[in-house]
Amino acid sequence: MSFAKVLSPALREIRILCSQTGPASAGTRQFIVSKYPVIKKHNPDLPVLIREATGTPARVFARFERGVEKHVELDNLSPAEVEKHVEQLLSS
């Protein structure tokens, strides 16, 4: 799956949490820098929330229609691994 396409209409929101400076969130921060513009370009009306707070474990939440929410942990992953986990989450 590539982020250079429109995501499922069942997807209502993506929420990314990570630490601003923590080494465990480095891959997640790099993922945000490289993929956020692509996601927003192809899904301009999809809310993509990025929450940074010191000491927060890196994870991403996806909220789907009917209030179904799923998440994956992203601590200590490389940017490529983060991308793989996010793709799996969004395609579930």
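A nonpolar core is taken as a set of buried Ala, Val, Leu, Ile, Met, Phe, Trp, Tyr and Cys residues joined through side-chain atoms within 4.5 Å, where buried denotes under 20% relative accessible area with a 1.4 Å probe and protein chains only. The model is predicted, so that local features need pLDDT of at least 70 and side-chain atom pairs count only at pLDDT 80 or more, whereas totals for chains, interfaces and linings use all residues. Residues are numbered from 1 along each chain as its sequence is written, and side-chain values use heavy atoms, with hydrogens and water left out.

The largest nonpolar core contains 22 residues, of which Leu7, Leu11, Ile14, Val60, Leu74, Val86 and Leu90 touch the most other members. Two or more residues of this core come from each of S1, H1, S3 and H2; helices (H or I, at least four residues) and strands (E, at least two) are DSSP runs numbered from the N terminus.

Strands are considered paired if DSSP finds at least two bridges between them. Strand S1 (residues 11-18) runs antiparallel to strand S3 (residues 59-64), to which six bridges join it; Ile16 has Val60 as its bridge partner in S3. S3 is also joined by five bridges to strand S4 (residues 69-73), again in antiparallel fashion, with Arg63 opposite Glu69 of S4. Four residues separate S3 and S4 in a hairpin, and Arg66 in the turn has a positive phi of about 65°.

The axes of helix H1 (residues 26-42) and helix H2 (residues 79-91) come within 8 Å and cross at roughly 70°. H1 is therefore roughly perpendicular to H2, a class covering angles of 65 to 115 degrees. Axes are lines fitted to C-alpha atoms, for helices over the stretch in contact, and angles run from 0 to 180 degrees between N-to-C directions.

Key
Angles under 35 degrees count as roughly parallel, over 145 as roughly antiparallel, 65 to 115 as roughly perpendicular and the rest as oblique. Buried means under 20% relative accessible area, exposed over 50%, partly exposed in between (1.4 Å probe, protein chains only).
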